[in-house]
Amino acid sequence: MRNPLVMLPRPREIQVDSSRTKLQEMAVIAISEGGLLFEGQVVQRYLHELGGVEWGIVVAAGRDDAGLVLTLDDGIKWAQGYQLIVDMGQMLIRAADAAGIFYGVCTLGQLLRHYGGELPNITIVDSPDFPVRGVMLDVSRDKVPTMETLYGLIDRLASWKINQVQLYMEHTFAYREHEQVWRNASPFTGQELLELDVFCRERHIDLVPNQNSLGHMERWLKFEEYQHLAECPDGFIGDFGDHMGERRPAMSLNVVEEASIEFVAGLYDALLPHFSSGLVNVGGDEPWELGKCRSKAVVEERGQGRVYVDYLRKLHEIVSLHGRRMMFWADVIVKYPALIRDMPLDAIALEWGYYM
(Lines give C-alpha, C1' and ligand atoms only; values in the text may rest on other atoms or scores of the structure.)
Protein backbone atom coordinates (compact mmCIF):
# COMPACT_ATOMS: atom_id res chain seq x y z
CA MET A 1 0.00 0.00 0.00
CA ARG A 2 1.37 3.42 -0.96
CA ASN A 3 2.09 5.84 1.89
CA PRO A 4 -0.40 8.69 2.37
CA LEU A 5 0.21 11.83 0.34
CA VAL A 6 2.23 14.26 2.47
CA MET A 7 2.79 17.80 1.19
CA LEU A 8 4.93 20.53 2.71
CA PRO A 9 3.45 23.00 3.26
CA ARG A 10 -0.04 21.58 3.16
CA PRO A 11 -2.09 23.32 0.43
CA ARG A 12 -5.36 25.02 1.34
CA GLU A 13 -7.54 22.81 -0.85
CA ILE A 14 -6.87 19.36 -2.33
CA GLN A 15 -9.38 17.32 -4.30
CA VAL A 16 -8.05 13.97 -5.54
CA ASP A 17 -9.58 10.75 -6.83
CA SER A 18 -8.17 7.26 -7.07
CA SER A 19 -7.89 7.02 -10.85
CA ARG A 20 -4.44 7.39 -12.40
CA THR A 21 -3.22 8.41 -15.83
CA LYS A 22 0.28 7.82 -17.16
CA LEU A 23 2.12 10.89 -18.40
CA GLN A 24 2.38 11.18 -22.17
CA GLU A 25 5.75 10.25 -23.60
CA MET A 26 5.56 12.92 -26.31
CA ALA A 27 4.34 16.32 -25.08
CA VAL A 28 5.55 19.85 -24.40
CA ILE A 29 5.52 22.32 -21.53
CA ALA A 30 3.68 25.40 -22.80
CA ILE A 31 4.47 28.66 -20.97
CA SER A 32 2.38 31.77 -21.51
CA GLU A 33 5.42 34.07 -21.78
CA GLY A 34 9.19 33.85 -21.97
CA GLY A 35 9.54 35.21 -18.44
CA LEU A 36 8.39 31.81 -17.13
CA LEU A 37 11.33 29.96 -18.68
CA PHE A 38 12.98 29.25 -15.31
CA GLU A 39 9.76 27.82 -13.87
CA GLY A 40 9.46 25.71 -17.01
CA GLN A 41 13.01 24.45 -16.61
CA VAL A 42 12.40 23.48 -12.97
CA VAL A 43 9.33 21.43 -13.83
CA GLN A 44 11.13 20.00 -16.85
CA ARG A 45 13.73 18.53 -14.47
CA TYR A 46 11.01 17.19 -12.18
CA LEU A 47 9.29 15.48 -15.11
CA HIS A 48 12.54 13.92 -16.27
CA GLU A 49 13.84 12.79 -12.87
CA LEU A 50 10.54 11.80 -11.23
CA GLY A 51 8.12 11.23 -14.09
CA GLY A 52 10.42 9.61 -16.63
CA VAL A 53 9.45 11.88 -19.55
CA GLU A 54 11.40 14.36 -21.66
CA TRP A 55 9.25 17.36 -22.56
CA GLY A 56 10.49 20.47 -24.32
CA ILE A 57 9.46 24.03 -23.48
CA VAL A 58 7.61 26.34 -25.84
CA VAL A 59 5.92 29.72 -25.54
CA ALA A 60 2.46 29.05 -26.84
CA ALA A 61 -1.23 29.01 -26.01
CA GLY A 62 -3.66 26.32 -27.05
CA ARG A 63 -1.10 23.72 -28.15
CA ASP A 64 -2.89 20.38 -28.48
CA ASP A 65 0.35 18.57 -27.58
CA ALA A 66 0.82 20.48 -24.31
CA GLY A 67 1.09 18.05 -21.43
CA LEU A 68 1.57 20.95 -19.01
CA VAL A 69 0.53 24.59 -19.32
CA LEU A 70 2.02 27.31 -17.11
CA THR A 71 0.03 30.50 -17.48
CA LEU A 72 -0.26 33.87 -15.80
CA ASP A 73 -3.93 34.57 -15.20
CA ASP A 74 -5.50 37.77 -13.88
CA GLY A 75 -8.39 35.65 -12.69
CA ILE A 76 -6.25 34.37 -9.82
CA LYS A 77 -6.60 37.02 -7.12
CA TRP A 78 -4.14 35.78 -4.51
CA ALA A 79 -0.53 37.03 -4.61
CA GLN A 80 1.84 34.05 -4.71
CA GLY A 81 -1.17 31.74 -4.98
CA TYR A 82 -1.93 29.22 -7.71
CA GLN A 83 -4.34 26.62 -9.02
CA LEU A 84 -2.97 23.25 -10.14
CA ILE A 85 -5.17 20.87 -12.12
CA VAL A 86 -4.31 17.38 -13.34
CA ASP A 87 -7.08 15.90 -15.49
CA MET A 88 -6.47 12.65 -17.37
CA GLY A 89 -2.77 13.35 -17.66
CA GLN A 90 -3.19 16.95 -18.84
CA MET A 91 -1.80 19.48 -16.38
CA LEU A 92 -2.40 23.18 -15.82
CA ILE A 93 -0.82 25.63 -13.36
CA ARG A 94 -2.27 29.11 -13.35
CA ALA A 95 -1.32 32.02 -11.09
CA ALA A 96 -1.38 35.80 -10.89
CA ASP A 97 2.41 36.10 -10.73
CA ALA A 98 5.58 34.17 -11.48
CA ALA A 99 6.04 33.34 -7.79
CA GLY A 100 2.66 31.59 -7.80
CA ILE A 101 3.65 29.63 -10.92
CA PHE A 102 6.89 28.60 -9.21
CA TYR A 103 5.06 27.42 -6.08
CA GLY A 104 2.62 25.46 -8.23
CA VAL A 105 5.60 23.84 -9.93
CA CYS A 106 7.05 22.95 -6.52
CA THR A 107 3.77 21.32 -5.55
CA LEU A 108 3.70 19.36 -8.81
CA GLY A 109 7.22 18.21 -8.00
CA GLN A 110 5.97 16.80 -4.70
CA LEU A 111 3.15 14.99 -6.53
CA LEU A 112 5.61 13.49 -9.00
CA ARG A 113 7.86 12.41 -6.14
CA HIS A 114 4.90 10.62 -4.55
CA TYR A 115 3.13 9.18 -7.59
CA GLY A 116 5.87 8.98 -10.21
CA GLY A 117 4.74 9.10 -13.83
CA GLU A 118 1.15 8.05 -13.06
CA LEU A 119 -0.74 10.97 -11.56
CA PRO A 120 -4.30 10.95 -10.25
CA ASN A 121 -6.89 13.49 -11.28
CA ILE A 122 -6.27 16.24 -8.74
CA THR A 123 -7.11 19.90 -8.16
CA ILE A 124 -5.09 21.99 -5.73
CA VAL A 125 -5.75 25.60 -4.78
CA ASP A 126 -3.20 27.28 -2.56
CA SER A 127 -1.98 30.68 -1.34
CA PRO A 128 0.25 31.61 1.59
CA ASP A 129 -0.98 32.72 5.01
CA PHE A 130 2.02 35.06 5.33
CA PRO A 131 3.49 37.14 2.49
CA VAL A 132 7.01 36.74 3.92
CA ARG A 133 8.28 33.33 5.04
CA GLY A 134 11.88 33.54 6.12
CA VAL A 135 14.79 31.46 7.36
CA MET A 136 18.04 32.71 8.89
CA LEU A 137 21.14 30.53 8.58
CA ASP A 138 24.02 31.09 11.00
CA VAL A 139 27.13 31.05 8.81
CA SER A 140 29.50 32.54 11.36
CA ARG A 141 29.65 30.66 14.64
CA ASP A 142 30.02 27.10 13.40
CA LYS A 143 31.27 25.59 10.15
CA VAL A 144 30.88 28.00 7.25
CA PRO A 145 28.89 26.11 4.59
CA THR A 146 30.31 25.58 1.14
CA MET A 147 28.54 27.19 -1.78
CA GLU A 148 27.44 23.75 -2.94
CA THR A 149 25.78 23.20 0.43
CA LEU A 150 24.15 26.62 0.32
CA TYR A 151 22.76 26.09 -3.17
CA GLY A 152 21.28 22.79 -2.04
CA LEU A 153 19.72 24.39 1.04
CA ILE A 154 18.27 27.26 -1.01
CA ASP A 155 16.76 24.79 -3.47
CA ARG A 156 15.19 22.82 -0.63
CA LEU A 157 13.85 25.93 1.13
CA ALA A 158 12.43 27.26 -2.14
CA SER A 159 10.63 23.96 -2.73
CA TRP A 160 8.96 24.49 0.66
CA LYS A 161 7.91 27.97 -0.52
CA ILE A 162 10.27 29.91 1.75
CA ASN A 163 10.76 33.34 0.15
CA GLN A 164 13.31 35.09 2.36
CA VAL A 165 16.75 33.86 3.46
CA GLN A 166 19.30 35.64 5.62
CA LEU A 167 22.90 34.54 6.10
CA TYR A 168 23.82 35.64 9.61
CA MET A 169 27.33 37.10 9.42
CA GLU A 170 29.80 38.36 11.96
CA HIS A 171 33.18 37.96 10.26
CA THR A 172 32.58 35.61 7.33
CA PHE A 173 32.58 38.06 4.43
CA ALA A 174 35.92 38.78 2.79
CA TYR A 175 36.07 42.47 3.64
CA ARG A 176 39.00 43.89 1.70
CA GLU A 177 40.35 45.97 4.59
CA HIS A 178 39.88 43.38 7.33
CA GLU A 179 41.70 40.26 6.16
CA GLN A 180 43.13 39.31 9.55
CA VAL A 181 39.58 38.86 10.88
CA TRP A 182 38.41 36.42 8.20
CA ARG A 183 41.72 34.93 7.08
CA ASN A 184 41.05 31.46 8.57
CA ALA A 185 37.25 31.56 8.40
CA SER A 186 36.50 30.36 4.82
CA PRO A 187 34.68 33.64 4.09
CA PHE A 188 32.23 34.35 1.31
CA THR A 189 33.62 36.42 -1.52
CA GLY A 190 31.78 39.21 -3.26
CA GLN A 191 31.36 37.13 -6.41
CA GLU A 192 29.95 34.21 -4.44
CA LEU A 193 27.30 36.44 -2.87
CA LEU A 194 26.44 38.06 -6.19
CA GLU A 195 25.93 34.65 -7.77
CA LEU A 196 23.94 33.40 -4.77
CA ASP A 197 21.73 36.48 -4.96
CA VAL A 198 20.88 35.68 -8.60
CA PHE A 199 20.26 32.03 -7.67
CA CYS A 200 17.84 33.14 -4.96
CA ARG A 201 15.99 35.65 -7.13
CA GLU A 202 15.30 32.97 -9.74
CA ARG A 203 13.61 30.96 -6.96
CA HIS A 204 11.62 33.98 -5.72
CA ILE A 205 13.73 34.26 -2.58
CA ASP A 206 14.85 37.61 -1.19
CA LEU A 207 18.45 37.13 0.01
CA VAL A 208 18.70 39.69 2.82
CA PRO A 209 22.13 40.88 3.98
CA ASN A 210 22.65 40.31 7.70
CA GLN A 211 25.70 41.86 9.37
CA ASN A 212 25.74 42.12 13.14
CA SER A 213 26.65 45.68 14.05
CA LEU A 214 26.83 45.85 17.84
CA GLY A 215 27.10 42.63 19.85
CA HIS A 216 28.69 39.30 18.86
CA MET A 217 31.74 41.11 17.50
CA GLU A 218 34.27 39.12 19.53
CA ARG A 219 36.02 37.81 16.43
CA TRP A 220 36.85 41.39 15.53
CA LEU A 221 37.51 42.82 18.98
CA LYS A 222 40.06 40.17 19.93
CA PHE A 223 42.53 41.86 17.59
CA GLU A 224 44.47 44.86 18.87
CA GLU A 225 43.57 46.87 15.76
CA TYR A 226 39.89 46.88 16.77
CA GLN A 227 40.09 47.09 20.55
CA HIS A 228 39.58 50.87 20.53
CA LEU A 229 36.04 50.09 19.31
CA ALA A 230 35.20 47.76 22.19
CA GLU A 231 32.91 48.64 25.06
CA CYS A 232 35.03 46.52 27.43
CA PRO A 233 38.43 45.89 25.75
CA ASP A 234 39.57 43.63 28.59
CA GLY A 235 36.36 41.62 28.67
CA PHE A 236 33.65 41.51 31.31
CA ILE A 237 31.96 39.26 33.86
CA GLY A 238 28.82 37.70 32.42
CA ASP A 239 25.54 38.29 34.24
CA PHE A 240 23.27 36.32 31.92
CA GLY A 241 22.11 32.75 31.36
CA ASP A 242 24.72 30.02 31.24
CA HIS A 243 27.52 32.61 31.45
CA MET A 244 26.57 34.01 34.87
CA GLY A 245 29.76 34.94 36.69
CA GLU A 246 31.94 33.77 33.81
CA ARG A 247 34.74 35.88 32.40
CA ARG A 248 33.80 36.79 28.83
CA PRO A 249 35.89 38.35 26.04
CA ALA A 250 35.10 41.75 24.54
CA MET A 251 31.97 41.21 22.45
CA SER A 252 30.18 44.54 21.90
CA LEU A 253 31.07 47.79 20.20
CA ASN A 254 31.18 51.00 22.18
CA VAL A 255 27.98 52.73 21.05
CA VAL A 256 29.06 56.22 22.14
CA GLU A 257 32.30 56.06 20.16
CA GLU A 258 31.90 57.74 16.77
CA ALA A 259 34.57 55.42 15.38
CA SER A 260 32.20 52.50 15.95
CA ILE A 261 29.64 54.06 13.61
CA GLU A 262 32.33 54.81 11.03
CA PHE A 263 33.54 51.22 11.26
CA VAL A 264 30.06 49.75 10.73
CA ALA A 265 29.38 52.20 7.89
CA GLY A 266 32.51 50.87 6.16
CA LEU A 267 31.24 47.31 6.52
CA TYR A 268 27.91 48.24 4.95
CA ASP A 269 29.65 50.10 2.11
CA ALA A 270 31.55 46.93 1.25
CA LEU A 271 28.83 44.32 1.85
CA LEU A 272 25.48 45.74 0.74
CA PRO A 273 26.22 46.26 -2.99
CA HIS A 274 26.40 42.47 -3.36
CA PHE A 275 22.68 42.11 -2.53
CA SER A 276 19.65 43.21 -4.53
CA SER A 277 17.36 43.10 -1.49
CA GLY A 278 15.77 46.30 -0.23
CA LEU A 279 16.28 45.09 3.34
CA VAL A 280 19.25 44.68 5.67
CA ASN A 281 19.36 43.11 9.13
CA VAL A 282 21.76 45.07 11.35
CA GLY A 283 21.40 42.66 14.27
CA GLY A 284 21.84 44.73 17.41
CA ASP A 285 21.01 41.84 19.74
CA GLU A 286 22.62 40.90 23.05
CA PRO A 287 24.96 43.87 23.68
CA TRP A 288 25.85 42.33 27.04
CA GLU A 289 28.44 44.96 28.01
CA LEU A 290 26.36 48.05 27.17
CA GLY A 291 26.95 50.57 29.95
CA LYS A 292 29.53 48.47 31.80
CA CYS A 293 32.76 50.14 30.70
CA ARG A 294 33.41 52.93 28.20
CA SER A 295 29.77 53.97 27.87
CA LYS A 296 29.06 53.66 31.59
CA ALA A 297 28.93 57.39 32.37
CA VAL A 298 26.70 58.18 29.39
CA VAL A 299 24.35 55.28 30.19
CA GLU A 300 24.11 56.35 33.83
CA GLU A 301 23.26 59.88 32.70
CA ARG A 302 20.83 59.13 29.86
CA GLY A 303 19.67 55.56 30.45
CA GLN A 304 20.61 52.34 28.71
CA GLY A 305 17.50 52.28 26.51
CA ARG A 306 18.01 55.81 25.25
CA VAL A 307 21.69 55.20 24.43
CA TYR A 308 20.77 52.00 22.60
CA VAL A 309 17.99 53.66 20.57
CA ASP A 310 20.27 56.53 19.59
CA TYR A 311 22.82 54.05 18.27
CA LEU A 312 20.21 52.17 16.23
CA ARG A 313 18.98 55.46 14.79
CA LYS A 314 22.50 56.13 13.54
CA LEU A 315 22.59 52.66 11.95
CA HIS A 316 19.23 53.46 10.36
CA GLU A 317 20.64 56.63 8.81
CA ILE A 318 23.47 54.69 7.23
CA VAL A 319 21.18 51.94 5.95
CA SER A 320 18.79 54.53 4.49
CA LEU A 321 21.64 56.12 2.53
CA HIS A 322 22.03 52.74 0.84
CA GLY A 323 18.32 52.72 -0.04
CA ARG A 324 17.61 49.83 2.34
CA ARG A 325 15.02 49.24 5.05
CA MET A 326 16.50 48.31 8.42
CA MET A 327 15.66 45.16 10.34
CA PHE A 328 16.93 44.61 13.88
CA TRP A 329 16.50 42.16 16.75
CA ALA A 330 14.03 43.41 19.37
CA ASP A 331 15.42 41.74 22.50
CA VAL A 332 16.61 45.10 23.89
CA ILE A 333 13.89 47.48 22.74
CA VAL A 334 11.12 45.34 24.26
CA LYS A 335 12.58 46.20 27.67
CA TYR A 336 11.91 49.89 26.99
CA PRO A 337 8.39 50.10 25.48
CA ALA A 338 8.19 53.85 26.03
CA LEU A 339 11.12 54.31 23.63
CA ILE A 340 9.63 52.28 20.78
CA ARG A 341 7.95 55.43 19.47
CA ASP A 342 11.40 56.98 19.02
CA MET A 343 12.50 54.28 16.60
CA PRO A 344 12.24 55.05 12.86
CA LEU A 345 8.75 54.13 11.64
CA ASP A 346 10.03 51.99 8.79
CA ALA A 347 12.38 49.90 10.96
CA ILE A 348 11.34 46.25 11.28
CA ALA A 349 11.71 44.75 14.76
CA LEU A 350 12.39 41.00 14.76
CA GLU A 351 11.44 39.07 17.88
CA TRP A 352 12.35 35.56 18.96
CA GLY A 353 12.00 33.49 22.11
CA TYR A 354 15.05 32.23 23.96
CA TYR A 355 13.19 29.22 25.27
CA MET A 356 10.58 27.44 23.14
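Here are some notes on the predicted model above, point by point.

1. **Ground rules.** Since this is a predicted model, local features need pLDDT of at least 70 and side-chain atom pairs count only at pLDDT 80 or more, while totals for chains, interfaces and linings use all residues. Numbering starts from 1 along each chain as its sequence is written, and side-chain values use heavy atoms, with hydrogens and water left out.

2. **The main core.** The largest nonpolar core holds 99 residues, and L70, L108, L111 and L167 touch the most other members. Helix α2 (residues 98-115) supplies the largest share of this core, ten residues. A nonpolar core here is a set of buried Ala, Val, Leu, Ile, Met, Phe, Trp, Tyr and Cys residues joined through side-chain atoms within 4.5 Å. Buried is under 20% relative accessible area, exposed is over 50%, and partly exposed is in between (1.4 Å probe, protein chains only). As background, nonpolar side chains tend to be buried together in soluble globular proteins.

3. **L111 and a second core.** Leaving aside residues up to four places away in sequence, L111 touches L5, M7, L84, G116, L119, I122 and I124 (contact means heavy atoms within 4.5 Å). There is also a second, separate core of five residues, with V208, M327, W329 and L350 among them.

4. **Helix α2 itself.** Of its 18 residues, 16 are buried, so α2 is largely enclosed by the rest of the structure. Its end C-alpha atoms are 25 Å apart, which agrees with the 26 Å that 18 residues should span at 1.5 Å a residue; the expected span is 1.5 Å times one less than the number of residues. Just after α2, G116 takes a positive phi of about 70 degrees. Helices (H or I, at least four residues) and strands (E, at least two) are DSSP runs, numbered from the N terminus.

5. **The parallel pair.** Strands β2 (residues 28-31) and β3 (residues 56-59) pair in the parallel sense over four bridges, with I31 opposite V59 in β3. Pairing requires that DSSP finds at least two bridges between the strands. Together with helix α1 (residues 37-51), β2 and β3 make a right-handed β-α-β unit: with the strands pointing away from the viewer, the path from the first strand over the helix to the second runs clockwise.

6. **Around β5.** Strand β5 (residues 82-87) pairs antiparallel with β6 (residues 90-95) over six bridges, and Y82 has A95 as its bridge partner in β6. The two form a hairpin with two residues between them, and M88 in the turn has a positive phi of about 55 degrees. β5 also runs antiparallel to β7 (residues 118-126), joined by five bridges, with I85 opposite T123 in β7.

7. **Salt bridges.** Counting a side-chain nitrogen of Lys or Arg within 4 Å of a carboxyl oxygen of Asp or Glu, there are 15 salt bridges. D342 and R306 meet at 2.6 Å, N to O. D342 lies in the loop between β14 (325-329) and β15 (348-350) and R306 in helix α9 (residues 304-321), so the pair ties together parts that are 36 residues apart in sequence. D342 is partly exposed at 22%, as is R306 at 24%. Another pair is D65 and R63, at 2.8 Å, N to O. D138, R141, E170, E218 and R219 are linked in a network of salt bridges.
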